[in-house]
Structures are given as C-alpha cells and as structure tokens.
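I opened my notebook to look up a few things in this structure. Here is what I wrote down, in the order I went.

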Amino acid sequence: MSKQINQNKLIVDPSRIPNHVAIIMDGNGRWAQKRHLPRIAGHKQGMETVKTVTKAASKLGVKVLTLYAFSTENWKRPTDEVSFLMGLPVKFFNNFIPELIENNVQVKVMGLIDQLPPKTQQAVRNAIADTSQCTGMILNFALNYGSRLDIKLAVQQIASEAKAGKVDPQKIDDAMISNHLMTGFLGDFQDPDLLIRTSGEERISNFLLWQIAYSELVFTDTLWPDFDGVNLSQMIEEYQQRDRRFGGLNNSK
Ligand code: FPP
C-alpha cells in the first residue's frame, strides 16, 4: 500500500500512539543554505516548527515530547550562532506560553541549565513555573544535554550513595540507573517509544543512549524547518508498522 500524504487520509491508529516521542531536530543550517540565508534563519524557522510539532503531538495524544535543542557539543559552533541559539528559548517562551497553557502542555528542561546564559536560564525557569499546573503533554527540552554526561552524572550519584552505605552495589539495577538519569522524573515514560531524526542523517549524536535501548528509530530526509504535523503523523504511522518485541518473540509467531 502506498504511503498517504494527505493528513485526512493518514492511517494513524489512535489507540497505539507512542507515549514518548524524542526528536533530533536536524537540518536547520542546510534549510537556510538552500535559500542563501544565514544559518540562524534556519534556526528561527526551526523554532516555528517546534510550535507546530508541539501542538500536533499534543493533539495526537503523545504523553512526552523530548526535543534535542542544544547538545553539550553545540558549544563548539561559532559564537554568533551559539548566542542566537541561546536566545531562542527566550523568544519561544515569550510568545508561545499562552498557547502552551491553552493546550495544557507542561514544559520541562533537562541538561546543565546552570551553565546557560542568565536570560536563557530565566526564560526556561519561568516557562517551567508558568506551565506547572498543566496536566497534558510534557514538552521536554534537552538543553545543554549530552547522554554521556547524563550517564556519568548518574554513575557519580549512585557511587556516592554506595560509598555512603545507602546503596548496595549488588542491588544496582536497570530501574535504579534509569531513575538517576535526567529522564528519571518521567516515571513510566522515561524511555522514548519512538526516536525521530530529521535531515537524512542517521546518527544518535549523544542523545538518550541508555533510554533508546528498545526505541523504534525513524529517519526522514525532511529538514527540520520543513517538518510539520503531517510528517509527524507519517513517522508515527511508520512506528505503528514496526513489530516491537523487546528481545522476546511476538506472541502471534
Ligand atoms: C541542528 O541543525 C539544530 C540545532 C543544533 C538546533 C536546534 C534548535 C531548534 C530547532 C530551535 C529550538 C527552539 C527552541 C524553542 C529551543 P543544524 O544546525 O546542525 O543543521 P545542519 O546540519 O543542516 O547544519
């Protein structure tokens, strides 16, 4: 059967929506380059896509949407670009908070927030506070996030607890490790069901390495600024065609 591209004809099964969708938003620079625009124009358009995709995901019934907005490695980019990227959360939350609240979306941020410029820190802390009463989808930004850092901090924390006699090293298990990671607060939804990367690159780039052990990975050539609600539905449709076995056997086989 050929893939439907008209949103009305998409065959997304509403009873099997992935609870946690994580996205590596890639291709902003190439989007801008194709239009002979500076790279930051791609990031600006990428921010608009974040709004569109947040609303679409919330409408579809996604419980957690984790977006890789800035990695611990992104500091290597030119200063101008880094400072533009640091300004994006300020712009984003300045005008999008009312719509987030209208959609009952709660904002969370994971990463080394204390290392961000003061204005960015303030913007994210305000957004978290302003949406703290919302009970719908969690919009979880990975900001100054790196998965190896996440794992390293969790190991350090568990080691300290062991040293203090609070944890028996023999009793360290998957759940304890998961709970010490930055996604720990997500409870039953810590691990993404679906990981999407846009722009044709097929890499994980230090994103949620522990958490994606059994995630379905879907890659699309669409550049992030061109991605929209229809694309998201298509990715979910692809996810729904996968046979998730978690290392076991499908019951029907
Ligand atoms: C990767 O594209 C994108 C980023 C490093 C930044 C992602 C940020 C946004 C999409 C906006 C985030 C919005 C908020 C509200 C925080 P790239 O620059 O690596 O693209 P390229 O591979 O084509 O050069």
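I began with the aromatic side chains of this predicted model. Phe 92, Phe 93, Phe 96 and Phe 141 make up one aromatic cluster.

I then looked up how many aromatic pairs the structure holds, and the count is 10. For Phe 92 and Phe 93, I noted ring centres 5.1 Å apart and planes at 75 degrees; over 60 degrees counts as edge-to-face, so that is what this pair is. I checked burial too: Phe 92 has 3% relative accessibility and counts as buried, and Phe 93 is buried with a relative accessible area of 6%.

My next pair was Trp 224 and Phe 227, which is stacked, with 5.3 Å from centre to centre and 20 degrees between the planes. Trp 224 is buried at 1% relative accessible area, and Phe 227 counts as buried at 2%.

On to the sheet. I traced an open sheet of six strands, paired in parallel, in the order S3-S4-S2-S1-S5-S6. S3 (106-110) and S6 (216-219) are the edge strands; each has a single partner, so one side of each has no neighbour in the sheet. I noted an average twist of 20 degrees from one strand to the next.

Which helix packs on the sheet, touching S1, S2 and S4? I found H2 (residues 39-60) there, its direction at about 160 degrees to that of S2.

Last, I went back to S3: five bridges join S3 to S4 (residues 138-145), and the two run parallel. Lys 108 stands opposite Asn 140 in S4.

How values were computed. Residues are numbered from 1 along each chain as its sequence is written. This is a predicted model: local features need pLDDT of at least 70, side-chain atom pairs count only at pLDDT 80 or more; totals for chains, interfaces and linings use all residues. Side-chain values use heavy atoms; hydrogens and water are left out. Two strands pair if DSSP finds at least two bridges between them. Helices (H or I, at least four residues) and strands (E, at least two) are DSSP runs, numbered from the N terminus. Axes are lines fitted to C-alpha atoms, for helices over the stretch in contact, and angles run from 0 to 180 degrees between N-to-C directions. Contact means heavy atoms within 4.5 Å. Rings of Phe, Tyr and Trp (its six-membered ring) pair if their centres lie within 6.5 Å; planes under 30 degrees apart count as stacked, over 60 as edge-to-face and the rest as tilted. Buried means under 20% relative accessible area, exposed over 50%, partly exposed in between (1.4 Å probe, protein chains only).
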